[in-house]
Structure formats: C-alpha cells, structure tokens
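Colleague: Hi! Could you walk me through this one? I'm still learning to read structures.

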Amino acid sequence: MDSNTELTEVPQMLPPPPGSFIDREELIQYVGEFGVSQGYIVTIKQSKKDKVVILGCDRGGVYRNRRKSVEESERVRKRKSGSRLTNCPFELLGKREDGLWVLSIKNGSHNHEALTDITQHPSARRFTEKEVLLIKDMTEAGLKPRQILKRLRQSNPELLSTPKHVYNVKAKLRQGNVTVRRFKSLRPQTSGEGNSHSSTTTEPSWRKRYPPRVPNLIGGRFVDSQSSASIDVINPATQQVVCQVPLTTGEEFRAAVFAAKRAFPLWRNTSVTTRQRIMFKLQELIRRDIMFPIAVTCGNTFILKPSEKDPGACMMLAELAVEAGLPNGVLNIVHGTHDIVNAICDDDEIKAISFVGSDTAGTYVHARASANGKRVQSNIGAKNHAIVMPDANMGATLDALVAAGFGAAGQREDKLVESAKALNVNGGTEPDADLGPVISKQADSLDEAISIVNRNKYGNGASIFTTSGAAARKFQNEIDAGQVGINVAVPAPLPFFSFTGSKASFAGDLNFYGRVLRSLSPQIFAVKSSSISTAAEPSYRTRNPSRVPNLVGGNFVDSQSSEFIDVINPATQEVVSQVPLTTNDEFKAAVSAAKQAFLSWRSTPITTRQRVMLKLQELIRRDMDKLAMNITTEQGKTLKDAQGDVFRGLEVVEHACGMASLQMGEYVPNVSTGIDTYSIREPLGVCAGICPFNFPAMIPLWMFPVAVTCGNTFILKPSEKDPGASVILAELAMEAGLPSGVLNIVHGTNDIVNAICDDDDIRAVSFVGSNTAGMHIYARASAKGKRVQSNMGAKNHGVVMPDASMDATLNALVAAGFGAAGQRCMALSTVVFVGASEEWEKKLVERAKALNVNAGTDPQADLGPVISKQAKERICKLIQSGVESGAKLLLDGRNIMVPGYEQGNFIGPTILSGVTADMECYKADSLEEAISILNRNKYFLQHPLSPEKVFFQLSYYLIEATFCCRYGNGAAIFTTSGVAARKFQTEIEAGQVGINVPIPVPLPFFSFTGSKASFAGDLNFYGKAGVNFFTQIKTVTQQWKDSPTGSGVSLAMPTSQKS
C-alpha cells in the first residue's frame, strides 16, 4: 500500500493467494496487508497458537439476529460510527504443517462493499507503540487529552484518533498495560522510517534478558528458539555466562531454509549495483557499531551458523545487515552443534557450504556435503611455519615472530624467548594484554628447513625471513604451502586476492574471497581529514555574486586574475557566480602541488585509496540534493535530471572502490631456468581533466576518482559555464580524506586548456566536449607526448523496425530525444522508421507535446532551458535551415514562452520529418531539443512489406549510416526480432549499441566506447580501459640463483638461454 490512506485503485476484495509461511505472525501480517490492499480488514476469529489460526473479515454486511420483531428487523437500521458488522462469510485457515504455516482459503467471498478509505475503519485510529509511551509521559506531566492529541499531531498530522481514544489508552495505562496492537498496514509510513525489523539504536529485546538467549534469524526476524536445550557462552577471562545459544530445532532449520529459498528468486534478479550499495551501507554501519557479504552480493541467499561459543558478533552483524537494507530471508541464522551441521550438509535446497574450523569437523563436512552434490569450501587445521635465515634482520624478525605467535628460531632462540617473556598475558579486555606461544626448531640449511615444513600435513602458510633474494625465491618455489610470506609473518592476503590454504588445511575447489568468487569484499575503515568540511559554508560563497576559487595544494584560494566570466542561470538570466580566468602562475602552482603530492600518494596503499572512495560515495549520497540544486541553478536541467547526473557519476566512484582488483598485474614463474617475469601497473603522475557544461557532476566523476585511486594526482578544469558542482565534489573528496594536492582545480578557457596541453609535468589529459575543441586538444597534447582520451561530437541514431512495440518505443524515443533538453552526447537525435512512418510520427508528436517545459526547479518540469542564449540561437538556425532545405516541421518549439521565466533559454520539443543526410541539421554534431526523422521510407511506400524487404532496408540504412555519419558514439534498434537485432549489432559502426535501449551508456564496470569521429585516443573512459589509461605497465624479469662458475660469458638474451 502506498503512503496515502485512500486506496489508489478500485479494490477487488480478492482473497490472498495460498502459500507457506515461516511462522504464525508472518502469515497473519501477510494476510492483513493483502486485505488492506483489497479493501477489507482481517481479524483473528479462532486461534490455537501452535497449531491453527482462523482468520475472518472484520467488517461484515449484516447484523446478528438479536430476536427483534419482524417489523424491526425489516427496518433499515442506521449504522453507528465505529460499530462492527459481523457474519461476513470470508474465512481463511492457517495451519502448522512440518514446521511451516500453510495458508488455505475456506471461503473467499464477502457480502459487503469494499472500503474506499482505510480511515473508515476504527483500527486506523489506534496509536503506535511510540505514541502510547508519549501519551504516558504527557499524562504524567498533567496534560489533558486534547492537549496530548494536539502535540501528537505536530509530529503525525495524519493521526485520526479522537480524545475518546486517548481516554481509553489512559485507562489501560492506569491498569499497567502499555502494550499496543500493531496495525502497520493501516497507518501510513513516514518517509523517515527505516527497516522495522531491527535497529541498533535501541538494544534488541533478546539482550535484555539475563543471561540473554541468542535468537534465530529467520525470514528477516529475530525469533526465539523453541528448543529446550542450550549451550552457555562463557567469558574466557572471567568464566561468567555471557549468553545462552539454543540448539535450533529441525522445524526452525527447515523454516530458515524455506525463507532463504523464497527470498532467492527476487534477490537474484536484484541488480548487482543495488546489492553492492547494500554492502556499502553495511560497511558504514559496521564502522559505526562494529563470509556472508560475498555470497549475498553475488545474488545468493544465506544460512549462517555461528560458533556456539561466541555467536554475539554474528548477531550484531546480522542486525546491521538488515538495517542496511538486506531483504527479509536473504540472511538467516540458526544455532547448534552436530545435528544442525548434519542438517545443513543434507538439505537438498542448500547448494554450497563454507566452513572454517578444526581438521576433523572440516573433513567430515566436506565429505558429507560433497556426497550430497554440494559445492564445499573448507578451511581446516593449520600449522604455520617460519624459517629464519642467518642474514635476517634480528630486531624486525623477532618483532614479527612474537607478534605472529610462532617462530622457527634457529640460533636466535635465546632472544626470542626473551621477547616472548616480555609479553603481558592478561584478560582480553586489558588494553596492554599480549599473547604469543612460541615454538622453535633448528635446521642446518635452508633445504633442511624447507623439508621440515613440507613434512607437515597442513599447508595454510609459511614464511621466510631473509635479505637474500635467492633464498627467498628458492623458498617461494619449493615450499608446499598455500600462502607464502617473505619477511611477512602472517601472509594472509587482503580480499582482492583469495585465501589459498592447501594440503590438509583446505578441502574443496574454490578458496575463500578474492576473484574465485567474482565479487568484491573490501575491508573498510573510516578516513578522517581536517582539511575541509561542508558543515560550514566556505567564505568564497558569502560574496554576492560569489567568486569561484581555485583549489591549489588543498586550499581554496581566490584567483588574483582581473578577468572573470559570469555564470548565468539559464532560466532567469541571473548571475549565479563569477569564474576567474586562472593566471599562469596559479596554474603552475597547482601543477607543482600535484607533482609534490604524487611522491607520497603513489606510495599510499591501494586499500587506503579505496577507503577514500568509499567515504566519498557516502558523502556524495549525503549531499545529493545540494549537488542537484547547484546543477539546476547553473546548468538549467530539471532537479530529477540533475540527480541522475550525480548518480551516474556516483556509480564510477563506487566502481573505483574496487580498484585493487582492477589494477592487478600478471606473473609467470620460471619463464627460463631460474628466471621469473611479472608485470605491475603503476600510476602515471600528474593527470588533467577538461570538462563540458552538460554534465557538471558526472564528467568530473568519470575522471578524477579513477585517476587518483590508481595513484595519480589530478588537475581538474570544470566548464566555465557551471563550475559549482566540481567545487562541491572537491570539498567532499577532501572531507573523505583525499590528501592536499592530490586534487586541484583551475578555471579558464582557451589559455588554460593550452597550458594543460603544453605542461611537461602533466602526463595524461581527459577531455569531453565538442568536436572542434576535442581535436585541438588531442592534436596539441599528443604532440607533447601525453596520453589523451577525447570524447567528442555525436549524432546518435535510432532505427525503428515495423515489429517494434509502439508504446514502449515511443516512450523511449521521447525520453532519449528530449531528456536533459537534448544536451547530452548520447541524445537520440535522429530516428529512422523502417516502413511506413505516418502513424509513428503522429503519436510521437502527441507525446512530445505533452512534455512540460519549465524551470528546472519546478518539480513537474520535464524539460528545462538550454545552457545559453547562443545555444538557443544556434538551435533555431539549424531548425530553420532544415525547413528551408525541404524538411517537414511536425512540431515547432522555437516560440515557447514559460510564464515567470520570459527571459529563459527555453525551446520546446521540435520534430523534423523528411530529413536527408545532406541537410545541415543532420550534419551538425548535436541538435538539442529536436528529433530528426531521416527520409528512409521510399522503398516501402512503393512495395509491400515482407521480411526480405525489411532486411534490405535495414542493410541499406546501415550502409548509409556508415558512410554518411562520421560520428560513432551510439545507435539503437527497436525490434522484437532477434535476427534483426543481431544483424544491426554486427554491422552498425557505432561504439555503443542499444537493443530496445535508447541510450546505451554502459555502467562503469564496462567502458564508454565511442568510436569514429566521436572519440580520439586509444583507451576509453572508465571501466578496464579507464584503469589502463591512468596506469602504465612495468614488467620485471628477476633471477635469484647463483651463477655457475666457469660458465663463461653468454651474449644471448637471459630469458632465451638454454638450461
């Protein structure tokens, strides 16, 4: 039900579909909410709590026979307000069968009309639990019922209760009854409400008992187990009972599996970006308060069995996951020991099992689950070794051994014991407590030491401490362990690699986390920065009009330039701010700051750089409305479109959060005897970005997040027409922890662009904009030896086949042709109808006329103004040239007038028909707010329609498009024919192809692949190509072996020498 109390559709009084439910409460809630959507209220008629519940309709159509006379009974009796009618035949049965509650319909008919307004029902006037507590407090403070109602309506204007209802609540309170029946479906939800199942702001009820009894998590709800058996969780330091873990019953386990199975179809179809965002929210909540994230982000549902010795952390994480937005049933928790483990291994609905634990248990789980056809990954027993060579650094090695809790000490045994004795063994809550059992063995040689390690049946990890590269390589190649540390005591990899235990330490085919699960699971911590905060308005904004500052070395500084450009609101022509033309000295200072910052930023761990991006995406979400309003004010697009602008850029930031996986190199051991070769990706240095006016947030976010996360520093030049969003984004980046000098901002036009192209310290330039500027930048910067990626002019075509769905296609054409006032490089400005087009043209005009042209701040606006007076004049001239060349003007938007914004740069939707490829309006690289219909229909006007002719015409158009249109950003086809779609996809010369998708802009895990005259350069924006653009490959060939004496000099390539 939506937020309105009035039912938006005519209720049909249908009964709910039969089904199975986890428990009685879920069944009742489901039936109740379904009934409200159909215009009736469900009540409990009979109930045996553990066996059966009979549900009926709370609002019948006739009164009970109260032995009235015939005359009285025949009279029409007036219904009292709030009275309940009875005897409606509607009846449902909920019955418990094999641990689940099964709903069946006994009688699905009603003998009364549906409620048209839920507020007609008395239950809608009940108070929430929070309101009952407020009534209690206000009553104790001496307020009267009318005063109480007045205050309650200040926070809930839709409250329908009367003073009589307050009196009733007060009577219950005097009796000590503060409980209240919940009718969630009868009261509108406020926008501020979150997930009602769990919240970490108040202590969950299960923790309030002593000792608390850990609940199961089934179908999104924490429920007490009905098991009579439980295990005490003991604090190892104090021996106190912390809580009790129940042994989940078989019925409860089956209910959890059922909940996970039921949630799976919807969850697997949830977009991967949505699943990732839930994980982003979860990491925020973990940071705030404290196996399954990878599984659920891949689209699976999950049953989690924590250790019975310490389940509390799992319960807290589950609460946070539910609060983060994880849907009901995606994560479920059960408890127990052998029986529940066996049930997990045997259940046919469970497809894969992950286990970490002891050798015996892990081998058993692997064998039993594998026998039932499940995937299994089982990390089990471990005995990890360290070999200390005579040349090892003593101080660092001893610290590492003691910290790791083990050591193979050799001759340093005395000092190792000395270090171990210094450890403080104490309760884990003591801030200075240490722990470190030490095991030592001696070996006379490295070969003997390796032999000792390899004889161990376990293979989790082994380390060597040495300064010899030859010893390290020998150890790396000969040791039989899944994870090898060289001067690293605990070589557990970060999540973008996999945890690769081997031998008896692992059973299964695919290891834990990393690429083997094709998912991202970054470790996340807060990164603080005192450089800047958006809590207070920066000083440069307090002027009127404000002057946009430069950002140099982490400081927003006013330019000393005497030349400025006014930033104009396209709807009102008011001056919003002034942009300086950054001086040459200021530009050099920005480059110098970036060059200086690069030295430390390139050495910053990739995980730290990722965490800055994680924080940045959080801050962008926080300030989404602020960014959108700035874009609307400076650029003119509608608020909804401005939010889309920010959101598409935000997706690139989210993608940059997984940069470690994208930046991995390659390794090949023993390419020649004793020689290894590997490649690594390194940052370039100082990079620069030049942005257009049409996407003030998205394009900067295409550029600097990828560049800086790769380890580069960046010079950003926003468009002089709308620089505000870039400045806000820079503030947020610094608040997220981006160090001073990593991101810098300069302003200007031709001179500053030329300075960027010419400066020797800038290694790469990204550009998005017009064709003329793009080719100039590409030629000038390339001549200076820079890398360049230049996205330029576009003319995007849509081909509509005769079999296309008319309604969906028309909606797509209008949205793609006129959205953002046509001011986007992927606007669908040219449509080709294969076959007769008259009906299509007529309906296209009708839909275009329905668009609302208004200032972007108007919430009902579909189209805002174009960026400037000059742009409006250019568009009008192109339209007129089309008319003069013979095109038919089906819809003319040139003379539109918006009340209250008479000076605005508005152009209404415009449609030209009969356009040919030699017309100026077709040749132009963009035609804002206009759709051209190319004249490609003569063949079909003369011949009957047939499949062969459809393909003839399609092929004809493809050839024409290839030779006539020099741009290649994108093209789309609308059809229900897979054959036509595949032919189009194969033969069209465009970098991005849409099949029934009008604007085929890829998400950031792919690259933006414009082609032909729409792109200049070798590597495209974002995705893998974007990472490659901002990094350079270094290939290392290393040899760690003793050269044989007397072998003489060989002039052959080292990697080509025969052994």
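Colleague: What is Asn569 in contact with, leaving aside its neighbours within four places in sequence?

Modeller: Asn569 is in contact with Glu574, Val576 and Thr633, where contact means heavy atoms within 4.5 Å. Bear in mind that this is a predicted model: local features need pLDDT of at least 70, side-chain atom pairs count only at pLDDT 80 or more, and totals for chains, interfaces and linings use all residues. Residues are numbered from 1 along each chain as its sequence is written, and side-chain values use heavy atoms, with hydrogens and water left out.

Colleague: Thanks! Where is Asn569 found?

Modeller: Asn569 sits in the loop between strand S23 (564-568) and strand S24 (575-580). Strands (E, at least two residues) and helices (H or I, at least four) are DSSP runs, numbered from the N terminus.

Colleague: And is Asn569 buried or exposed?

Modeller: Asn569 is buried, with a relative accessible area of 12%. Buried means under 20% relative accessible area, exposed means over 50%, and partly exposed is in between, using a 1.4 Å probe and protein chains only.

Colleague: What about Gln573, where does that lie?

Modeller: Gln573 lies in the loop between S23 and S24 too. Gln573 counts as partly exposed, at 26% relative accessibility. Its phi is near 70°, a positive value in a residue other than glycine.

Colleague: Let's switch to helices. How do H18 and H22 pack?

Modeller: Helix H18 (residues 624-635) and helix H22 (residues 724-735) pack at an angle of about 160°, with their axes 9 Å apart. The axes are lines fitted to C-alpha atoms, for helices over the stretch in contact, and angles run from 0 to 180 degrees between N-to-C directions. That angle makes H18 roughly antiparallel to H22. For the cut-offs, angles under 35 degrees count as roughly parallel, over 145 as roughly antiparallel, 65 to 115 as roughly perpendicular and the rest as oblique.

Colleague: Which residues meet there?

Modeller: From H18 come Lys626, Leu627, Asn630, Ile631 and Glu634, and they meet Gly724, Ala725, Ile728, Leu729, Glu731 and Leu732 in H22. By class, the residues of this contact are 6 nonpolar, 2 polar and 3 charged. Here Ala, Val, Leu, Ile, Met, Phe, Trp, Tyr, Cys and Pro count as nonpolar, Asp, Glu, Lys and Arg as charged, and the others, Gly among them, as polar.

Colleague: Got it. At what angle do H3 and H5 pack?

Modeller: Helix H3 (residues 129-140) and helix H5 (residues 163-174) pack at about 80°, with their axes 10 Å apart, so H3 is roughly perpendicular to H5. Val132, Ile135, Lys136 and Thr139 of H3 make the contact with Val166, Val169, Lys170 and Leu173 of H5. The contact of H3 with H5 has 5 nonpolar, 1 polar and 2 charged residues.

Colleague: New topic: how many disulfides does a search of the whole structure find?

Modeller: The search finds 0 disulfides, a disulfide being a pair of cysteine sulfur atoms within 2.5 Å. For Cys710, the nearest cysteine sulfur is that of Cys687, 8.8 Å away. Cys710 counts as buried, at 0% relative accessibility.

Colleague: What about Cys345, buried or exposed?

Modeller: Cys345 is buried, with a relative accessible area of 1%. In helix H10 (residues 338-346), the buried residues include Cys345 along with Ile340, Asn342 and Ile344. Among what covers the buried residues of H10 are helix H6 (250-268), strand S12 (352-356) and helix H11 (359-371).

Colleague: One more: what does Val800 touch?

Modeller: Not counting residues up to four places away in sequence, Val800 touches Thr809, Leu813, Val831, Val832, Phe833, Val834, Trp840 and Phe974. Val800 is in strand S32 (residues 796-800) and is buried, with a relative accessible area of 1%. Val800 and Ile973 are 173 residues apart along the chain, and their C-alpha atoms are separated by 5.9 Å.
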